[in-house]
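Subject: Structure for you, with notes

Hi,

Here is the structure I promised to pass on.

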Amino acid sequence: MRAIILAAGQGLRLQQQPDRQFPKCLLRFDDVTLLERHLRLLAAAGVTDVTLVLGFQPGQVHAELSNIGWPHPVHTALNPRFDLGSVLSVHCAAQALTRGGDVLLMDADVLYDERILAPLVAGATANRLLIDRDFEEGDEPVKLCLRHGAPVELRKQVAPDVQYDVMGESVGFFRFGETMARRFAQIVQNYVEHGRANLPHEEAVRDLLQERGAQFDTADVTGAPWLEIDFPDDIARATQQVLPQLRPLRAARLPTA
């Protein structure tokens with residue numbers, strides 16, 4: 001299993017202060033960057049094959065990797081048009097997405113606990129989504145709607161005619177088995193080739209779910225602490241509400257000989 005972490009965006013909604021011109025994955029909580037937290041949580045779960053998709057200020061991310069002395073190799077892919085949508089970032093990681101085995105696709109701007117990651121990586125192979133049923137409805141959360149356990153919608157705005165029996169917020173982490181990852185890569189390539197590279201990658205995931213939703217299972221992580229950081233107020237919420245609930249990070253696993 002390997003992970004693709006999308007860390008290319010500029011985070012314009014967060015860049016309201018002149019001294020905060022850096023990728024969101026370098027935000028620090030308890031003096032640990034989101035990037036280091038991702039890597040340590042993944043390694044503790046047995047995932048050490050990681051590809052970072054960079055764009056805005058990639059040198060700062062490389063410097064952080066050197067600074068923390070991460071013991072496992074981290075591959076990088078560059079999205080030079082990081083001002084467009086995250087669909088393009090996924091497309092830039094097509095090689096990592098399609099080279100076989102299960103793939104985790106993760107947003108970099110999430111502060112989360114190991115209780116979020118554990119159900120995502122459980123089992124030998126799976127197509128899996130995460131849902132949090134305890135969320136504040138509004139325009140910002142990406143809603144995940146289920147009907148009879150199968151995903152039927154993944155969007156910020158749910159159309160009135162969508163029939164579902166469970167609605168929650170998508171955590172923004174997805175797991176694809178090998179076949180599903182290849183199909184997802186095809187959908188993303190089609191987006192790019194037809195002038196839709198400016199869209200969020202969740203739109204491509206939505207197409208995949210509407211095509212093959214019955215082949216996905218959903219892990220309910222309601223009650224586990226996590227927060228996607230988009231706005232300045234989210235930093236305060238993350239520090240005051242989420243960080244105190246997180247379990248201590250485990251030590252990084254050293255490479256085996």
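The largest nonpolar core has 34 residues, and those with the most contacts inside it are Leu42, Leu104, Tyr112, Ile116, Leu117 and Phe173. By nonpolar core I mean a set of buried Ala, Val, Leu, Ile, Met, Phe, Trp, Tyr and Cys residues joined through side-chain atoms within 4.5 Å. Buried stands for under 20% relative accessible area, exposed for over 50%, and partly exposed for what lies in between (1.4 Å probe, protein chains only). At least two residues of this core come from each of β1 (2-7), α1 (34-44), β4 (49-54), α2 (58-68), β6 (103-107), β7 (110-112), α5 (114-121) and β11 (166-176). Of these, α1 gives the most, with five residues. Helices (H or I, at least four residues) and strands (E, at least two) are DSSP runs, numbered from the N terminus.

Before going further, please keep in mind that this is a predicted model: local features need pLDDT of at least 70, side-chain atom pairs count only at pLDDT 80 or more, and totals for chains, interfaces and linings use all residues. Residues are numbered from 1 along each chain as its sequence is written, and side-chain values use heavy atoms, with hydrogens and water left out.

Leu104 touches residues from several stretches of the sequence, among them Met1, Ile4, Leu42, Val47, Leu117, Val121 and Phe174, leaving aside residues up to four places away (contact: heavy atoms within 4.5 Å). There is also a second, separate core of 31 residues, which includes Ala93, Ile131, Val142 and Phe184.

How enclosed is α1 by the rest of the structure? It is largely enclosed, because 10 of its 11 residues are buried. After α1 comes Gly46, whose phi is positive, near 90°.

Now the aromatics. A search of the whole structure finds five aromatic pairs. For a pair, rings of Phe, Tyr and Trp (its six-membered ring) must have their centres within 6.5 Å; planes under 30 degrees apart count as stacked, over 60 as edge-to-face and the rest as tilted. Tyr112 and Phe173 make an edge-to-face pair, at 5.0 Å centre to centre and 75° between the planes. This pair links distant parts of the chain, with Tyr112 in strand β7 and Phe173 in strand β11, 61 residues apart. Tyr112 is buried at a relative accessible area of 3%, and Phe173 is buried at 0%. Phe174 and Phe176 are a stacked pair, because their ring centres are 6.3 Å apart and their planes lie at 15°. Both of these residues are buried, and they belong to one aromatic cluster together with Phe184 and Phe216. Elsewhere, Arg196 lies over the face of Tyr191, 4.0 Å from the ring centre (the criterion: NZ of Lys or CZ of Arg within 6 Å of the ring centre and within 35 degrees of the ring normal).

On to the charges. The structure holds 19 salt bridges (a side-chain nitrogen of Lys or Arg within 4 Å of a carboxyl oxygen of Asp or Glu). Asp109 lies in the loop between β6 and β7 and Lys24 in the loop between β1 and β2 (28-29), so the pair ties together parts that are 85 residues apart in sequence. Asp230 sits in the loop between β13 (226-228) and α8 (232-242) and counts as buried at 6% relative accessibility.

Two further bridges contrast in their surroundings. Arg206 and Glu153 have their closest N and O atoms 2.4 Å apart; Arg206 counts as buried at 13% relative accessibility, and Glu153 is buried at 4%. This pair joins helix α7 (residues 201-212) to strand β10, 53 residues apart. For Lys156 and Glu140 the closest N and O atoms are 3.3 Å apart, and here Lys156 is partly exposed at 34%, as is Glu140 at 30%.

Best wishes
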